[in-house]
Amino acid sequence: MNGHKKKILLLGSGALKIGQAGEFDYSGSQAIKALKEEGYRVILVNPNVATIQTSKGMADEVYFLPVERYFVEKVIVRERPYGILLGFGGQTALNCGLELAKRGILKKYRVKVLGTPVQSIELTEDRKLFADFLTKLNFAIPRSKAVRSVTDALRVARSVGYPVMVRSGFSLGGLGSGVAKDRRALQDIAQAAFAHAPQILIEECLVGWKEIEYEVVRDRADNCMTVCNMENLDPLGIHTGESIVVAPSQTLTNGEYHRLRSISIAVIRALGIVGECNIQFALDPRSEDYRIIEVNARLSRSSALASKATGYPLAAVAAKLAVGRKLTELKNAVTQATPAFFEPALDYIVLKFPRWDFSKFTNADHRIGTQMKSVGEVMAIGRSFPEVLQKAVRMLEIGRDGIMEALPRRYELHEALLPTPKRIYAIASSLYYGVSPSLIARKTGIDRWFIDQIHDIVRLHRSLQRKRFASVNRDIMLEAKEYGFSDKTLGALWHVSADKVRRQRKRFNVVPCVRRIDTVAAEFPAKTNYLYCTYHATESDRAPSKDKSAIVLGSGVYRIGSSVEFDWCAVNAGQELHRNGLRSIMVNCNPETVSTDYDMCDVLYFEELTLERVLDIYEREAPQGIVVSVGGQTPNNLALGLSRHHVRLLGTGAESIDRAEDRHKFSRLLDTLGIDQPDWVEAHSAREAIAFASRVGFPVLIRPSYVLSGSAMNVATDGRQLSTYLRAATEVSPEHPVVLTKFVTDAHEIDVDAVARKGKIVCAVVSEHVENAGVHSGDATLVLPPQKVYVETRKKIDIAVTRIAQALDISGPCNIQFLARDNSIMVIECNLRASRSFPFVSKVTGNNLINLSIKAMLGKRVAAMCDPLLPFVAVKAPQFSFHRLTGTDPVLRVEMASTGEVASFGDDIHEAFLKSVLSTEFRLPKKTILVSLGGEQNKMRLVDELQMLASQGFKILATEHTHQFLLARGIPNSMLHKIRADKEPNIKTFLMHKKIDLVINLAHQFEGDVIRDDTAMRRLAVDYNIPLITNLQLAILFFRALQNKKMSDLEVKPWSSYSPQAVQHPL
Amino acid sequence: MPRRRLSKQPIRAKGALVLEDGTRFIGQVFGYPVASAGEVVFTTGMVGYPESLTDPSYTGQLMVMTYPLAGNYGVEPISKNPSRPQQHFESSRIHASALIVSSLTMHPSHYRSARTLDSWLHDERIIGLSGIDTRALTQRLREHGTMLGKIVVDNEIPWYDPNKENLVDKVSIHRPLRYRGSGKRVAVVDCGVKHGILRELISRSCDILRVPWDYPISSLKGIDGVVVSNGPGDPMMAEKTVYELKRLIARKVPVWGICLGHQLLALALGATTYKLPYGHRGHNQPVEDVLTRHAYITSQNHGFAVRESTLPRSAAVWFRNLNDGTHEGFKHTSLPVRGVQFHPEACPGPRDTEFLFDEFMKLL
């Protein structure tokens, strides 16, 4: 039967990276479901192992391979699909598709591009074509011209009119770009720019204009409409991914709204788009002038947001339109009665807030602008701007409880109002201390409406401050809640506990009402259970069902260390609860997720993952219990608080979670179980810290236990470093101790992902890290099955896991990390929750660890799983986004830095490894490799590999010491001067001219110039997009793989051909 | 005791919206604090409160906005020049009897704004009520159908059913008004015409004669075509217009009816009308051209509809509502007579069907 269905090839987006994140799991997953509904077979290429779209039961075949021309062509040859979809995997899929088309591959194999035609995509992708096209149609676009000399620049600027924006065609970290107010400023900027680039762009300056977006859908019959418009709170000049965004627009009149809407539709019709697209405008806040900024002829981050904001399933509809369906024949998924051809009417307001993680990086530039740097986002739904703004701030999980938290007493106003992640709080503080709203609006370019709304919050905050708790009546309480103040903030204002506020407000019957997102502003009855909470209401839309239910807490905002993998876990948990006869209630606030698709669970609360709100929902829904162990650390952190409020947790008890989380308790537990752990101490003073370090010896790991974002983990290799870090880690005091751990080097790191039922392990999967201890497990390369774990070690690990599970009475998921050296093992971490690697190990071993966990939590019988035999190897590799984060040092440390991950399969580790790193946009070196090996050990360990490479014909370049060392061992190589050495041949020149294919930079723990030089080399490699390896074990594995495999050896096989086998026990 | 608002300066009086079924919604009074009664209707448009409030079709109605924030971009100055249509309003004054919202913005922001929504309502002596759970209210109206209601402040007032009155007579002009143009001569029957219709005709250079609803239009000489405008209330009240339209149709003059005008034309052709349970008021109503199968998003504001089965065969169905299948327009098979239930002039709302004005011009 399946053989007769037409095949459609869907390109995914690969690993999550800054600028291209979880939203494409949402769009791909919806597309797969929609295409299957339409009767197609779906073939997916996507190496992102943590996604829902690459799960069992989604696509008919999945290829865990790079979304790149070479591999996709091979997939096409193997599958011979009828059509291909390019619009659901972000820029990666679009670029890959365009290349396949350009090279005639699609034509050759008669693959039809479904949806928007290639010519239309090309029009939107090429700046010049796009500009010419729109100009011909009389639409306004930013006036700009490319020039090659300062004289030309001045001439063009005169015709464009000052101020002008100077853009350097080739810009590094914004070098050579900027606003020139007059002739003289332009002369300076242009001169600087021409030092780096032969050509610059002189553009009219639209800084301060409003930035407005529309999401447009169109079908092949030319029915066309806009699903949603959005307004950026931050004006033009700040990337929309970096902006706070509201939907619908708040400051546009009917005339403005519909003029831009009409233009959107006209442009999209002219372009001939079929499916979904996004169009961005600049709108002059003081006239009717507008400019079209760009069109994205594909699903985007904004379309995911629009989809969640309106309840209109854009990706599913786009997929159906691509295969020829019409908007008028599709149904509105929410009402099930009205057609998909309608524009959602919102009776609430939505606010998106980005999340940045600059503190995870050294030297990161905190300014935000035209480059995207944020790593995640949240979306708040409510019925007033203050309500959604304060909700969103809490959803970010950055230690703030509202816009008014932590008011700094003194600050430099000008500095505070520069665009950084902290600006919005600085605006609130400034208003609090009396700065006028108009001055703030002028300095920031943010529309006065938003500033005034924040001012309303500030004013209420002031009046609330003057109240005493005893004098607070119902009206005051309700108003505070309508303005989005949390119980915690109110408690702090009134000097009582959050619990006391909560009890009092419940006594007043001030509880949030539950509202439904229905796309039609209540005009028609709706069938979804897509809900949010608001205080601007007197009654709820929906009475809670009496059926037995369970709540799953999702992962919340994506950040470094917690992203799509936990969404996979949450979605699977919800579905497994449903299969076990419970209504699944999902709580999450992240618009980039699949878990917030309202058809993935029985009930969806798009809500804060705070104790207050989870209790509100729990009290309302009265479920059988809450699952806190599948959404990563966010829900895990709520466990104790929830259980103190007598909430029933499903699975492992809160006390056990606390025993695992609390360093002292856990350490004592390990001692009683006879399991080793690295030496550690909780130091309450610098003296204690230094004493510990000299006892156990350096290096030591320092971890501030009072972790506010901003203070990070560090490794100190000597006393001086230790003192520096201690000073930086905030004042160490009895209240804020730091934890010091003996940092074990040269040890193997092993991850165990397991499921237990009532303290008994049901399933445990052991995977090993390629990198030695010292690299954060989220940045490590994982191998499954392990290749180098001794039988004896394995046995010890099994025993330790069994004992820990029993002692903590685990029911559900857990993850334990071990160090192994020789044959001894130590536990370094234990989490009684699903880990980052759960999707990976589940997909590789064929055991869905989340499904098993849910069964175990519910006390159901779980068939005991034995280790399946894996006749293949799978490798999970991290994806970094250093190129987006100007100034950061792209080196692996104890703090996690990767933003995503991929996995690939192979017949052996080398094949799997190469496919996997290629999936992270790594390129295999063709000829020239630059090696810079710090320290004797790094040099010695790589000698053999470099020898082999040289004999294979690779050209080796080296830094001074490495050069001499290699020469002495008869390995031919040439020397490059260091970047700082201003002498040719220089590393910088070679990198700039891309004369190097791969950089191996292994730093030794040194100080001073050497380190600075290494940092510069790594940074340049990243800036010029040259593959970089900074870890010894990784370099060794890479070189060995390179010796054993050529590109043509990397087999193109679907996931289904890598199937685990049950172990045959000999009789 | 008025509810104290800590955050906002003015302390407002409490007011209550009372519905026919006895439900009360308590909120804060804004605008002009004098009680008002009428029919309670909701609109789902997210922008366009200045246009909606000045739309004469809302006469006698208490308008509920489902979008929770009102007044964000303030109100621009209203032109005092009667010889030209308003540019950004649909008439020169507020026609709705009251405005009911969830939150009222006290600090509007727009470069053309001259006053707040609050002060505009005050100046026009219209009451507003904020702090209302407009979604709960809308759901009630959806389930029970449109209801009579009143906003009371201090003293009780009687109910008022606008549909029992000839509202058209109240909002129409009383003597003809000319907007000179160089093009076709078009008479506009003012049943409560939105200025958007006039603007569209003016932009097509029409020489316009705007006439009262009961004007003997069938005896007008030298006109190229007639547009019958939108307007408030029950179409059955405008019998005189229907009578004139019958004669006009017989003269084979091109006639185009919009909204109420469309209903009146249908009546003139022998069809009947009925009251919808809670009407169509919003900017997202999908209609399909049944002849081309092309669909459009339209702006709508009507409580009555044409019963499609009663239309003569000569009046072929042109548009249908994709949400509920109701009648949205007809095109006469032999005469230059057509009608649309929605608002091609938009304002507020989408402009997808503006091209219908061009099509009308082709008939002349």
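Two strands pair if DSSP finds at least two bridges between them. With that in hand, welcome to a few close-ups of this predicted model.

**View 1. An open antiparallel sheet in chain A.** β6(A) and strand β9 (residues 200-204) of chain A pair in the antiparallel sense, over four bridges. Look here for A:K145, which stands opposite A:I202 in β9(A). Widening the view, four strands of chain A make up an open sheet, and their order is β6-β9-β7-β8, with antiparallel pairing. At the edges are β6 (144-147) and β8 (178-180) of chain A, each pairing on one side only. From one strand to the next, the twist averages 30 degrees. Strands of a sheet pair through backbone hydrogen bonds, either parallel or antiparallel.

**View 2**

**View 3. Where chain B touches chain A.** Here 45 residues of chain B are in contact with 52 residues of chain A. On the chain B side, α3 (134-144), β15 (273-289) and β16 (295-306) each supply at least two residues. The largest share, five residues, comes from α3(B). Sorted by class, this side of chain B has 18 polar, 17 nonpolar and 10 charged residues.

View 4. Most residues other than glycine have a negative phi, and most peptide bonds are trans. In chain A, the bond from A:F698 to A:P699 is cis, with omega near -5 degrees. A:P699 sits in the loop between α25 (686-696) and β24 (700-704) of chain A. In chain B, the bond from B:C347 to B:P348 is cis as well, with omega near 0 degrees. To find B:P348, follow the loop between β19 (337-340) and α8 (355-363) of chain B.

**View 5. Two loop residues of chain A with positive phi.** A:D222 has a phi of about 75 degrees, positive although this residue is not a glycine. Its loop joins β10 (210-218) and β11 (224-232) of chain A. Is A:D222 exposed or partly exposed? A:D222 counts as partly exposed because it has 13 C-beta neighbours inside 10 Å. A:N1025, also not a glycine, has a positive phi of about 60 degrees, and lies in the loop between α34 (1009-1023) and β38 (1028-1029) of chain A. With 12 other C-beta atoms within 10 Å, A:N1025 is exposed, since the cut-off for exposed is 12 or fewer.

Terms used:
Residues are numbered from 1 along each chain as its sequence is written. Chains are lettered from A and ligands numbered from 1 in the order in which they are written. This is a predicted model: local features need pLDDT of at least 70, side-chain atom pairs count only at pLDDT 80 or more; totals for chains, interfaces and linings use all residues. Two residues are in contact if their C-beta atoms, placed from the backbone, lie within 7 Å. Ala, Val, Leu, Ile, Met, Phe, Trp, Tyr, Cys and Pro count as nonpolar, Asp, Glu, Lys and Arg as charged, and the others, Gly among them, as polar. A residue is buried if 20 or more other C-beta atoms lie within 10 Å of its own, exposed if 12 or fewer, and partly exposed in between; C-beta atoms are placed from the backbone. Axes are lines fitted to C-alpha atoms, for helices over the stretch in contact, and angles run from 0 to 180 degrees between N-to-C directions.
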